[in-house]
Amino acid sequence: ELASRFLGKIRTHAERMTALVGDLLELSRIESGERPPQWEAVAPGELAEEVAESLADLAERKEIALTHEKREAPLVVADPERLRLILHNLVDNALKYTPDRGQVRVRTEPGPEGGARVVVEDDGPGIAAEHLSRIFERFYRVDKARSRELGGTGLGLAIVKHSAEGMGAQVPVESVWGQGSRFTLTLPAD
């Protein structure tokens, strides 16, 4: 029984280390230009729906209502793998920080000048104003104790920022402490 408990702890730490190394490698590749974007016509709504479906089990375990509203967003020229990674990180964070029985909403809609937007909103704890300017920094955590408890590496939003910028996209965030957060990925048409 004791060996089983220790093996469980070893596994948990090994999984965290694997995630950290994977995120560091991905961030390094993006920043160095080692893997330039692979441009394709992409339907952001379909990718957002795919990501929401892939995270449905996590939402179900926490009894979070995860919804995706797909309005008629146009095709955009983007790197589908980077876009999938951005959306996965945003939705995964929303689910992690939203309390049990909360709501996470993903909405795809037309953006400016023929582009598209994907909005990820939650009714989690929100982010205090003094942290908003730093949340896309490597290893920056608003709530250090809670982030460790949830298993994050502190690199997800840095990866989101650099991946988005590499495709000419933006990811502004709006949040009020105690009222949830809204991340809006704005993709240019081309």
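These legends describe close-up views of a predicted model.

**View 1. An aromatic pair formed by F136 and F183.** A pair of aromatic rings is described by the distance of the centres and the angle of the planes. The search of the whole structure finds 1 aromatic pair. Its ring centres, those of F136 and F183, are 6.3 Å apart, and the planes meet at 80°, so the pair is edge-to-face; planes over 60 degrees apart count as edge-to-face. F136 belongs to the loop between helix 5 (129-132) and helix 6 (144-150), while F183 belongs to strand 7 (residues 181-187), so the pair ties together parts that are 47 residues apart in sequence. F136 is buried, at 17% relative accessible area. F183 is also buried, at 9%.

**View 2. Helix 2 and its buried face.** Helix 2 covers residues 44-54, and its buried residues are P44, G45, L47, A48, V51 and A52. Looking down the helix axis, these buried residues fall within an arc of 165°, so they line one face of the helix. E46 and E53 are exposed on the other side of helix 2.

View 3. Side chains of opposite charge can pair when their charged atoms come close. E49 and K70 form a salt bridge, with 3.3 Å from N to O. E50 is partly exposed at 37% relative accessible area, and R84 is partly exposed at 23%.

View 4. Most residues other than glycine have a negative phi, and most peptide bonds are trans. E63 has a positive phi, near 55°, and R101 has a positive phi, near 65°. E63 is in the loop between helix 3 (56-61) and strand 2 (65-70). R101 is in the loop between helix 4 (80-97) and strand 4 (103-110). R101 is exposed, with 61% relative accessible area, whereas E63 is partly exposed, with 49%.

**View 5. A network of salt bridges.** The whole structure holds 15 salt bridges. Salt bridges with shared partners join E69, R71, R105, R107, E109, R117, E121, E174 and R182 into one network.

**View 6. A nonpolar surface patch that includes V21.** M17, V21 and L25 make up this patch, and together they have about 270 Å² of accessible area. V21 is in helix 1 (residues 2-32) and is partly exposed, with a relative accessible area of 41%.

**View 7. R5 over the ring of F6.** The charged end of R5 lies 5.3 Å from the centre of the F6 ring and sits over that ring.

Conventions
Residues numbered from 1 in each chain as written. Predicted model: local features only at pLDDT ≥ 70, side-chain atom pairs only at ≥ 80, totals over all residues. Heavy atoms only, no water. Phe/Tyr/Trp six-rings, centres within 6.5 Å; stacked < 30°, edge-to-face > 60°. Helix = DSSP H or I, 4+ residues; strand = E, 2+ residues; numbered from the N terminus. Buried < 20%, exposed > 50% of the residue type's maximum accessible area, 1.4 Å probe, protein only. Lys NZ or Arg CZ within 6 Å of the ring centre and 35° of its normal. Patch = residues over 30% accessible without salt bridge, like charges linked within 9 Å, V, L, I, M, F, W, Y side chains within 5 Å. Areas by Shrake-Rupley, 256 points an atom, 1.4 Å probe, with all protein chains shown as cover. Salt bridge = Lys/Arg side-chain N within 4 Å of Asp/Glu carboxyl O. Arc of directions from axis to C-beta.
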